[in-house]
Amino acid sequence: MKNKLITLMLGAAATVAIAGAASAGTLDDVRQHGFVQCGVSQGLMGFSVPDAQNNWTGMDVDFCRAVAAAVLGDATKVKFTPLTAKERFTALQSGEIDLLSRNTTWTMSRDTSLGLKFAGIMYYDGQGFIVNKAKHPNVKSVNDLAGATICTQSGTTTELNIADYFKSHKMDYKLLTFEKNDEAIAAYQDGRCDSYSTDQSGLYAQRLKMATPDDNVVLPEIISKEPLGPVVRQGDDAWFNIVKWVYFALVNSEELGITSKNADDMKKTSTNPEVQRLLGVTSADGTAAGFGIGMGVDEGWALAAIKQVGNYGEIFDRNVGKDSPLKIERGKNALWKDGGLQYAPPVR
Amino acid sequence: MSASYVRASDAPLRPPPRGHAGPLAWLRENLFAGPGSTALTLGLGLLLGWLAYQVLDWTVLRAVWTGADRSACAVPGAGACWPFVWEKFPQWVFGFYPLGERWRPVLTFLIGAAALAPMLMPAAPAKRFNALFLLVAYPVIAFVLLGGGVFGLPPVETTNWGGLVVTLVVAVTGIVLSLPLGILLALGRQSELPVVRGASIAFIELWRGVPLVTVLFMASVMLPLFLPSGMSLDKLMRAIAGLSLFASAYMAEAVRGGLQAVSRGQREAGLALGLSRWQTTAKIVLPQALRISIPNIVGIFIGLFKDTTLVLVVGIYDLLGIINAGLQDSKWAAPQTANTGYFVAALIYFAFCFAMSRYALFTEGRLARTGRR
């Protein structure tokens, strides 16, 4: 009820805000400011975290950098605005930020009634389960959790998702809900329940804070859809296209094998037309590929983003994947050809 | 000439009475006065000792003192994770203030401390000049130093301020603004002019009737939507304004309590002496009223200082906010990292609040002596 009211209020306010904000193009604004104003979370492990030298790191942060590199040619030209969950949409609607890259779930109500547009899915998240393999060596999948006691935070959709999933799979379960997340995790660690459930990325983060991280395994199944992606204002299609295609370029470059290290070489030597088009190689007769110019940015847009930030796989591995302490499996975030969901339309 | 009732020899010497002075006597009287008292002392002593040992065990004995990342602290049975604090502490103090510009908040703080110290010492001279400097010149100096943008100082936006600096800026500005505003409101509420009185009452009741979180939330989320597009008020300034107005309403009620405690005869005597209303208020009623309300005023100051943590909900990194953000760093994720961070936060908040409270006690005592004279 409260949420609905807030949604309604934001929606109404958004209409007012858009009328004012859409007058000038975001791309022009960004060029004029000389930096991309990017809304990130106040601190979420692996997605946006400030380090001790005030540098922001994380997947959401790297996406902002990629956009800045594509538009301005310099990945450091980003101004990060940490936002709370409540302010994030207002900040976008009121023009305080150009791009919201803050682990925001793409839902229909947000997409259709808040005056926002989701530009892609940077991370396929969803509710998962964690179990202690020392105590439960036989549990390899959620389907082995029949009859288990599950700890979770009360009053969120996690409860509902568990109920739906276990009902549809005809499994018994006992739910132990807690007001606070920390209490639920403490209960799980004390052995009061067999498993703890929240979004999978959160499970990996929590696992690191446990006394024996290696004893706890995140089960492979995801039982709900939480697609997280960057958001822009509705009504500025040029900017929306740029953000959307920066994301596609990151995914495409991983598929094509372009990395931050070999991007320059690939541009010079690759004979693959897909690579040439993506990196803006000028053909022999001197005509440009024109994909960057078509969007209103430099021809080297994708090259700059890949070279300075890396392709999707590099961003994933560095922040949440195998090169980070989190060690999240690619899972659903693998490329489509590897059985995942990350798929980008071709550059042609 | 002998009487049987007269003693022939000295009475046997009895042991001297138990002393009423000295540490042993103190112990006996206060801690071991009887069996019940002794049991209570021993029980509570054991409990306290156990607690102290637990704290010592966690903060020192089992603590990890050095290390480069989480692997040092993510050891079974490890206590506090101090290397996390060593690495993050400068950020907890300065927030996202650019590394090369951190001398500016330090200088601001030093100037403030240098100007404030003589104000706090009753014997120090030149109070009037000093107060003028603190209330008029210092805010400008602090603003210029912290904000920059003039005199060749690179501008630092308030979004980059954070940590203890923001906590102090918010608390000090809030305290400095809310006291005079609160006094004005309290006087307004007692005024005989209906409009002034009505407005004061409406203001006080409105702000006291709304939770602080709501005020901050309104200031940060709803206000931008009502402003024309492109015009954005600084978030920190919005929060400070909200917090100061909120505190001033409470301040007004504390001062009003003091005003009402000053007997009517004081005012009448002042008027009878031919002083004007303003003079009576400023020179006779207010000084007495403020002296009475000092405990309440300091209570509000301390409350305000701790309430600054609420700016976290509007996305400003105060001390607690920046500690929270640091806990999300996967480089340091370990079982005791969060506890260590919160422990340090608690120590810092306690140090400030305790200092304020002790100083207030000292002032109260001094003013009480003056009052008796």
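## A network of charges

Let's start with a cluster in chain B: B:Arg189, B:Glu205, B:Arg208, B:Glu253 and B:Arg256 are linked in a network of salt bridges. A salt bridge here is a side-chain nitrogen of Lys or Arg within 4 Å of a carboxyl oxygen of Asp or Glu. By that rule, the count over all chains comes to 17. This is a predicted model, where local features need pLDDT of at least 70 and side-chain atom pairs count only at pLDDT 80 or more, while totals for chains, interfaces and linings use all residues. As for bookkeeping, residues are numbered from 1 along each chain as its sequence is written, chains are lettered from A and ligands numbered from 1 in the order in which they are written, and side-chain values use heavy atoms, leaving out hydrogens and water.

Helices are DSSP runs (H or I, at least four residues), numbered from the N terminus. B:Glu205 is partly exposed, at 36% relative accessible area, whereas B:Arg189 is buried, at 16%. The cut-offs: buried means under 20% relative accessible area, exposed over 50%, and partly exposed in between, with a 1.4 Å probe and protein chains only.

In one, the side chains of B:Lys331 and B:Glu87 meet at 3.0 Å, N to O.

Helix α5 (residues 103-120) of chain B has 18 residues. From first C-alpha to last it reaches 25 Å, close to the 26 Å expected at 1.5 Å a residue; the expected span is 1.5 Å times one less than the number of residues.

Its buried residues are B:Arg104, B:Pro105, B:Thr108, B:Gly112 and B:Ala115. Seen down the axis of α5(B), they fall within an arc of 110 degrees, so they line one face of the helix. That arc is taken from the directions from the helix axis to the C-beta atoms. The cover over these residues includes α4 (82-94), α6 (127-147) and α7 (163-190) of chain B.

## A buried valine

B:Val285 lies in helix α12 (residues 277-307) of chain B and is buried, with a relative accessible area of 6%. Not counting residues up to four places away in sequence, B:Val285 touches B:Leu259, B:Val262, B:Arg267 and B:Thr280; contact means heavy atoms within 4.5 Å. B:Val285 and B:Gln266 are 19 residues apart in sequence and 7.0 Å apart in space, C-alpha to C-alpha.

Note on methods
Helix = DSSP H or I, 4+ residues; strand = E, 2+ residues; numbered from the N terminus.
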